[in-house]
Amino acid sequence: MLDQQKARGQKQTAFQVLVSSSLEDLSNNNGDLWDSGKMEGPQSVNVTYQGKKLSSGKEYYWKVKIWDMHGEATDWSDPGTFTMGLLNPEDWKGDWIYKSDQNTTDHNWYRKNFTLSQEVGSAHVFVGSFGYHELYVNGQKVTDQVMNPVLSYMKKRIPYLTYDISELLHEGDNVIAIWHAAGWARWQRIKEYKNPPFIFKAQVEIQTREGKVSLATDETWKCKRSNSGYYGDWDILNFGGETIDDRKKEPNWNTAGYDDSDWQNASIYNVEGEEPDKSLTIIEDVPLSQKVRPTGKVTAVLSAQMVEPQVKYEEVVPVAVTKSSDSTYRIDMGRNYTGFFEMDLHSGKEGDSVLFEISDQIGKTMNWNQKSKYIYNTTGEGTFSNRFNVAGGRWITVYGLDYKPELSDIKGYVITNDRKRISKFESSSKLLNQIYKVNLDTYLANTLDGILMDCPHRERRGWGEVTVAAMYGDALPNFESGAYMDQYNQYMRDAQLPDGGIRAVINEQDRPFLMWKANNPITVWETFRMYGDSKVLEENYQSMQRWMEWLFQHSNYATGGALKVGEQGARAFPGLGDWCTPRGNFWSSSNSPEAVHFNNCVYAFMLDNAIKIAEALGKTEDVNLYTDRLKVQRESTHKLSYNPETGKYGNGQQVNQAFALLAGVTPDAEKKKVYANLVDNVLYKFPYYDTGSSGQALYTRYFTEYGERMDLIYELLQDKHHPSYGYFLEQGETVWPERWSSVGVSKIHTCYTGIGGYFIKGFGGIRTDPDRPGMKSMLIKPALVGDLTFANTEYKSLYGKVMVNWSKQDGKANFHIEIPVNTTAKVFLPALEKDQVKESGVQAGKSEGIHFIGTELHDVVGQYLVYQVEAGIYDFTVEELPSTTYPQPIIESDNLSLLGRMSASSMYIETEKLPGFEAFKANDENDETSWQAAEPSNQYLEIAWIKPQTFSKVAVNELGNIITDYKIQYWEEGSWKEIVSGTTCGSHKQHNFASVTSTKCRVYIQEAKEAPLIAEFKIFP
């Protein structure tokens, strides 16, 4: 609903919908299928069709009008159309067909000629395929979609797509053509269905003036192997690429006049197959052999694809071409991405080949066997372009050219589902803006085939924990995600294990790790919070019940205990806690004390979400059931892990404290102490972004909406040293890698996605009302933090655009806020007194559309004044912002290094999973650990404090006595000042000096015999 006059408080008071079987009926206002009549009320989204039963394959027409706040009716909207899919199995008339002598590496052409004697009114094609397909009609590709359909649990369901071809048919000779590739149907890593076939099914429904014409796949369709095929096995570590042989190119293969007399007829697939081999061993990181490829029985139903089709989502422009010493050419695409590579090729000879090798790392020509090949035809000119496979990388090495390629001949395309971007964020911090962009680029680079993967170039596995994080932070606040979640949830339900367990890897074998299995109920509930559509709760409720019962059976509820826990170090439930953290992880962390606390908190949070879902659906008995279980789970988790003397859970790390607070594990009497320790840890004791791929899911939720400590997040996001997002950027990363160290085998990964919510929900403050899901009633609670001077944020809700632009200067602030028609907002503005808040020059509480409702004390901004605001555009000014300060550290030692962030110029990396010599090893009070530089000269080890510290003594415990020239320095007025210097350091070297006060101190190593090691760098008052 739009309001040209932009009247405040504008809203819908009624609506009427017409749905008709013909455009003529609709034009005559005859809703022969559904005439809702005038429906009183404000509901303008999630309106359910309540008319006559709709038929398979039929096209329908609709329009709507509404009444505004004055009772005035709008004109009817322009007509809209929708087409029903094939709703029942019996509606499919065709057969599954295939090319009888095919290999799974083939890309095959299929075609069916037919004649129409009458003008076409409407025509649709329904295509379901194991693997990918493209549809052509009379020589034209239908739509710009690529690599569809998306993944599914192939044993149970295959998605199909519907294409409108009305404008492409004509009287006389016509042809329907399909280009088919096995794609994801080559994936054999699910024991229950390890041998999916390479087949497809299609049906054409054409409506003419005099009747209906139907076509369907059968043995009369003709087929031939195309001029392209797969290069590689389509398995982990070896997804390969594609080969294009232009000697076999036939430009007119999909036209009606093409002579297909020498093509073979398609074969009908009717294999009964055998039961899957339950003894099949699938080793996690070992590729499967593709030498023997059986084919199995089709047990799947065809079901309409709900998520938007995949497309060339964004063009990637190359930045450089360089010639290497071996006469190859190295193309730099400017960024890591997942998608297609395209290149015009010249000056070749028939039969000559050009080889492309793709890498995500500058030091490698190829990783994960990502390579493709092009073979010239007689013209010596051609184009290589992916069609049925993607690669992940930035650098392409080209073999076989005798000329330097022009940048204008090269393109790349990000391939992902065509989901509209619905957000914007820009601030005064260039670093923050870059982090926001790279984070969303990372999300897109890992979203392929309708699921979030952790590295499309290496694994293409849908590990579940990153979806819990990314749906909250990246997807729902930044991209249209309703259809995506419908598709994902359907997949999750289909793949649910017979005993009720949820797969940790949605497209592969299960793993015994709880957070990886937590999308139902956590992500299901979050989707409802954002969209307010109870359908997502209803469709996934039974699955949730089975899953929650499985968890109950794996708990010690009967004895008042928490989850049952497997052996430490074993891959046994509940398994891993956080993963890929700054401190690093090995499998030995599975079922460790920290992992046990982590998973017990996750289970408590899941129960809390299950209660909310049951309440929303009015299932009182289940509310009581889950409430009782939650009470036991919270109490037992607290008792198991909490130290009342210190106020810490386990070792007190950030996820331990935040998870307990988020999940309600902490009793009211202990919350203040637990919270204080969390804040102290972030500011002083371990001031790093201390989480990984699985902790991210709840860590972001806590700091954004529950604990509302965006000031702490801002401090962490501003850092450029290891471990931080800024460090990734300093290392030249263009999407997030797998490890905080920025080294390792994968540079396109999802471990650290999920932070997009910080920008929209946190700094911008645009959130759903926790008591009223769906954004019809929203919160506007901007976080004015640190030295940010402005932040401009937009989010397009189902109701329209929400905008929050704020700026601050000299202790004052301005807020431009837009609330869409038919919604309201609770607006929180940092201020001391009501008379200091103006809207368009008037005291805010007296301005039209605004009602003052109270105040809220807040650790970040001091105090919010809270206003209930109707739809409209508002400009607020705050004449005096409250002032706040960080709390003093909880002192446990006189060593001031324990209160700051230790960083370094470089670090020696022992292993990618556990670097071993991080800077924070030099202030951990452990002489057995150390920081080691990567180089011997011009290195530094630096401590930075959130508040100035006064000190007069430093102690450096060097290992090896190899430093030959160093200085102790402090930071003053934008530069480093020398305190003392020396030519030998060694063990426990101390320096005393006149007191200085600063926010930074460092040891600067000008020269050393080899890369220096420092076990501890201590600083004292």
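Predicted model: local features only at pLDDT ≥ 70, side-chain atom pairs only at ≥ 80, totals over all residues.
Which residues does leucine 452 touch, not counting residues up to four places away in sequence?

View 1. Once residues up to four places away in sequence are set aside, leucine 452 touches Tyr443, Asn446, Thr447, Arg461, Gly462, Trp463, Val466, Thr467, Ala470, Tyr484 and Thr750. The relative accessible area of leucine 452 is 2%, and because buried means under 20%, this residue counts as buried. Isoleucine 506 lies 54 residues from leucine 452 along the chain, and the C-alpha atoms of the two are separated by 9.7 Å.

**View 2. Helix α5 and the glycine that follows**. Just after α5 comes glycine 532, whose phi is positive, at about 70°.

**View 3. The second largest pocket and its lining**. The space in the second largest pocket amounts to about 840 Å³. Two elements, α7 (593-616) and α10 (668-685), each give two or more residues to the lining of this pocket, and the largest share, four residues, comes from α10. The lining consists of 34 residues, of which Arg583, Asn651, Gln653, Phe686 and Asp690 lie nearest the centre of the pocket. By residue class, the lining divides into 15 polar, eleven charged and eight nonpolar residues.

**View 4. Helix α10, its span and its buried residues**. Helix α10 has 18 residues, and the distance from its first C-alpha to its last is 24 Å, close to the 26 Å expected at 1.5 Å a residue. The buried residues of α10 include Glu670 and Val674, together with Asn677, Leu678, Val679, Asp680, Asn681, Val682, Leu683 and Tyr684. An α-helix has 3.6 residues a turn, so residues three or four places apart point the same way.

**View 5. Strand β48 and its antiparallel partners β43 and β44**. Strand β48, formed by residues 1013-1020, is mostly covered, with seven of its eight residues buried. Strand β43 (residues 931-932) pairs with β48 in the antiparallel sense over two bridges, and here tryptophan 931 stands opposite isoleucine 1014 of β48. Strand β44 (residues 939-959) also runs antiparallel to β48, to which seven bridges join it, and leucine 959 stands opposite leucine 1013 in β48.

Conventions
Residues numbered from 1 in each chain as written. Heavy atoms only, no water. Buried < 20%, exposed > 50% of the residue type's maximum accessible area, 1.4 Å probe, protein only. Pairing = 2+ DSSP bridges. 1 Å grid on protein atoms, 1.4 Å probe; cavity = no way out; pocket = protein on both sides within 12 Å on 5 of 7 lines; lining within 4 Å. Points joined across faces, edges and corners; volume = space filled by probe spheres on them. Nonpolar A, V, L, I, M, F, W, Y, C, P; charged D, E, K, R; others polar. Expected span 1.5 Å × (residues − 1). Contact = heavy atoms within 4.5 Å.
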